[in-house]
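This report goes through one structure, from single residues to the contact between chains. Please keep the sequence and the coordinates at hand.

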Amino acid sequence: MSGNPELSITDRDEQNADPRGTPYAPHTADEVETMLEAIDADDVDELFDIGESIRFDGSFDIDGGSEQVVERRLRETLARNDDATEFLGRGHYSHHVPSIVDHISLRSEFITSYTQYQPEVTQGFLQALFEYQSMLVELTGLEIANCSMYDAATALGEAATLAARVRGTSGSRVLVPEYLRPERRDVLENYVDGADLSVETVPADDGVTTPDAVERAIDDDVVMAYLESPTTEGLLEEHLEEIGALVDDHDAMFCLGSDPVALSLLRSPASVGVDVVIGDASVLGLPASYGMGLGLFACREEYLRQVPGRLVGASEDADGNRAFTLTLQTREQHIRRERATSNICTNQAWVALRTAIHAASLGPSGLVSLATTCRELPERTAARLDEIDGVSAPVRNRYHFREFRARVDADAEAVVAALNDDGFAIHAVDEETVQLCVTDVNEHRIDDLVDAVEGVMN
Amino acid sequence: MQRYTQTVWNDGESDGYEPLLSERSLETVEVPDAGLPDDLTRDELELPELSEPELARHYTRLSQMNYGIDSGPYPLGSCTMKYNPKFTEDVAALPSASVHPDRDAESVQGTLEIYHGLQDYLGRIGGMDAVTLQPPAGAAGEFTGILIAKAYHEANGEGDQRTEVIVPTSAHGTNFATAALGGYDVVELPETDDGRVDVEGLEAAVGDTTAALMLTNPNTLGLFERNIEEIATIIHDAGGLLYYDGANLNALLGRARPGDMGFDIMHYNVHKTFATPHGGGGPGAGPVGVTEELAEFLPSPQVRETNGEFELFEPERSIGKVHGAMGNWLVLLKAYAYIERLGGDGLRDASAKAVLNANYLASQIDLEVPFEPFHHEFVASAGERDAADFAKRMLDYGVHPPTTKWPENVSEALMTEPTEAESKSSLDQLAAAFNAVTADAASDLEAAPSETSASRIDQTSAARNPRLSWQQLDES
């Protein structure tokens, strides 16, 4: 028995050897004594085999506090954030997360578990990840989806190193679109540095990529061409099939950045020649989380043995029942070490669980309906803003998804700052252009936003 | 002896346990054109269409067929599966914590204050001068560290010359893979018979091609590298950098700091040391600390404070970015809450009790532990038994088994790390499970597990005939 279960928490604290000890170690002082006796030690200090010259005798100078105090302190600190309605996107999106996602994903059997190295006792999580993989297979049209990368940027980096590994002939360049977020490009460049690949830009024409532009940029030295749909600007690419054929002509990998909501509406990437789909799948499952995401990674079956990250597969148990397990682990770092397909270990499994629950709770009709909303809202909102003197929107006469740009007859930074004071956050893109993201989460504030823009412009 | 039977749901119709979502429902919906040309949209979408009550039951059943720390002991060596305080989830769920990464710094001062605070706390805890929070997991932290080492050597005009990273044989697999991802050749350094770094071997291995040595301390056997200062001198004299893998930092909190041992770069695993939930395989976070000399190479952006205001800045010779935004923010927030809850004294106490627990547990089991003195973890040998079978049988006694068959310098290794969160009675039950398996017949081990939702799963056929989606199940 551990201590005396009749003791109140206060009594237990008083009985502790060190009342300032961690509240998350259950030991009473008596138990510590008993345990020390069992190992023939007088003191816990004896157990540390650390030379005197490097022993730390100082203090971290960090005060602990009760749960109540710490929670209040953090609540107060976070309240320093301005309470703004965000019309922000540019590659980071969120939608209303159904309540069931929190309630289920926070069940402690899920959130306090480790990677499923013992599949017999972790069937639940494995099945949920298998279902996540399956939903992405349906949405991308590709045969393989892994259980996650960290975010869209690192998934892009992994796609490029995959391209370098699987390509039959050598090559040294990766093509990326002009509209690619600089942060993603920066991550990509770090990932390909070790593989001696360089990153080159394909210019956009009125916001989208033309087959001509790709044809001018590509040759047999290119291992991968990457595009996004929707783009960072919120436009849908219009020539993916022709571009896919061009990329294929040069035996390069065609990689597309997208997300599960857009993919619910768009033609399946596999059917237009895409080999790998990456992106941020946490557009379902997470609220805006300061850019924390979920790296979507799906690819053609021919890359199976070279895929980075974890894969859940179906097998059978000794009773002949279908059961799930992590599989093809010989690709991974803990077995293959320096010849692994990636160094990734811990990934974003719990976010993938949340994404799966969110997608399942929308179902196909809910997904299509949400995607349709993302198609309508930007163009409808742009039309409203276009009626304001000094605002022209949308800037491009193309197909929008979630986002659009507006030109303002004023300094864009000043417009953004003034709207910020009114409690709205939007992007300034250049001196005269702003960008707004409109989805189900801020739709109810469109009227207020339009009024605010009108106020700022007049 | 504790008794345990994991929940099994089986509808008696499908050939598995809980039916797949797709076996409950698969609806094909027609997709409207949404104002787009025909060739841009799909015609239809086929996915499960289920009501909330049905989903709640599906996922609740799945959760009942899953084992977490709240279910019982989880002594996976080097994984530090400690208790995850519940209140940190409430903090992470605050609406004010939920902001877009493109918000102006001035409008998210609260977020940046915490971000800056964690940079600062981790610096003090590790004895490092500057810390980035951007790497989204431990392995990403390693990669960040290797990129920093590379940038440092390039800045010194030695980028082309220093092509090798030295890694001890018993190191985590990620160390090897990370060095390779960074474009380095891996030089493997075998341990001595006493399970520590071979100092003479290291002297022979280092040279003007050495970029870095990656080291875990205490190492994977739980042993403190007593020669760490000498090791640091050898690496530094050769012009290389010393990298600390923070996987085992839970052994040392408040007792010793990597910065004081001579490490130049380190990563922290916040889901290990700072109690953020592992979530069944992430999200984690792998902040990286460096010495003052290397601070200018840190990823961009960093957060700094001037007169109570927080701002983002790009270090002068930054390696750029290792994550698309600011890392796994919600995880970092939970780690910050944990550190504030425990304070310096609580952190020191956590390590003391983690080491006490490992030593006590080892004293109560009937297996040989060849290497001592260990700290927060020990590696027992299953002896004549197969360690993987041993682990499967442990599941039947209601505990999660240790990490198996690694490191390789212990035969049939059972790498065991109970953490500070287990009570004496819980350790006694864990020991009873070890000892019961030791006494069980070999046939019991081979037939195990029987008390888990699924019985022994055939790994070979899963890999030989990969079925990775419900679509592929239909094909076979």
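Is Arg90(A) buried or exposed? Arg90(A) is buried, because 21 other C-beta atoms lie within 10 Å. The cut-offs are these: buried takes 20 or more other C-beta atoms within 10 Å of a residue's own, exposed takes 12 or fewer, and partly exposed is in between, with C-beta atoms placed from the backbone.

## Basis

This is a predicted model, in which local features need pLDDT of at least 70 and side-chain atom pairs count only at pLDDT 80 or more, while totals for chains, interfaces and linings use all residues. Residues are numbered from 1 along each chain as its sequence is written, and chains are lettered from A and ligands numbered from 1 in the order in which they are written.

Arg90(A) has a positive phi, near 50°, and is not a glycine. Its place is the loop between strand E1 (85-86) and helix H4 (99-105) of chain A. Helices (H or I, at least four residues) and strands (E, at least two) are DSSP runs, numbered from the N terminus. Asp61(A), also a residue other than glycine, has a positive phi near 60°. That residue is in the loop between helix H2 (29-38) and helix H3 (67-78) of chain A. Asp61(A) counts as exposed because it has 9 C-beta neighbours inside 10 Å.

Chain B has a cis peptide bond between Ser300(B) and Pro301(B), with omega about -5°. Pro301(B) sits in the loop between strand E9 (288-290) and strand E10 (302-306) of chain B. Another cis bond runs from Glu372(B) to Pro373(B), with omega near -10°. Pro373(B) lies in the loop between H11 and E12 of chain B.

## Chain A overall

Chain A has 15 helices and 15 strands. Its C-alpha atoms fill a box of roughly 80 × 60 × 50 Å along the principal axes. Of its 458 residues, 58% are buried.

The domain assignment, automatic or from a database, gives domain 1 (1-81), domain 2 (85-94 + 363-457) and domain 3 (99-357). The C-alpha centres of domain 1 and domain 3 of chain A are 43 Å apart.

## A sheet and a helix in chain A

Four strands of chain A form an open antiparallel sheet in the order E11-E12-E15-E14. E11 and strand E14 (427-430) of chain A are at the edges with a single partner strand each, so one side of each has no neighbour in the sheet. Strands pair if DSSP finds at least two bridges between them. Five bridges join E12 (residues 403-408) to E15 (residues 433-437) of chain A. Phe404(A) stands opposite Leu436(A) in E15(A).

Helix H15 (residues 446-457) of chain A has twelve residues, which should span 16 Å at 1.5 Å a residue; the end C-alpha atoms are 16 Å apart, which agrees. The expected span is 1.5 Å times one less than the number of residues. Leu449(A), Val453(A) and Val456(A) are the buried residues of H15(A). Down the helix axis they fall within an arc of 65°, so they line one face. The arc is that of the directions from the axis to the C-beta atoms. The face turned away from the buried side carries the exposed residues Asp447(A), Asp451(A) and Gly455(A).

## Chain B

Chain B is divided into domain 1 (87-341) and domain 2 (345-455). Their C-alpha centres lie 29 Å apart. The contact takes 17 residues from domain 1 and 18 residues from domain 2 of chain B. Contact requires C-beta atoms, placed from the backbone, within 7 Å.

Helix H5 (residues 138-155) of chain B is mostly covered, with 15 of its 18 residues buried. Gly157(B) follows H5(B) and has a positive phi, near 75°. Elsewhere, an open antiparallel sheet of three strands has the order E12-E14-E13 (chain B). Four bridges join E12(B) to strand E14 (residues 413-416) of chain B. Ala380(B) stands opposite Leu414(B) in E14(B).

## Between the chains

In chain B, 168 residues are in contact with 156 residues of chain A. Helix H11 (residues 329-364) of chain B gives the largest share of the chain B side, 21 residues. That side divides into 83 nonpolar, 52 polar and 33 charged residues. Ala, Val, Leu, Ile, Met, Phe, Trp, Tyr, Cys and Pro count as nonpolar, Asp, Glu, Lys and Arg as charged, and the others, Gly among them, as polar.

Notes: Contact = placed C-beta atoms within 7 Å.
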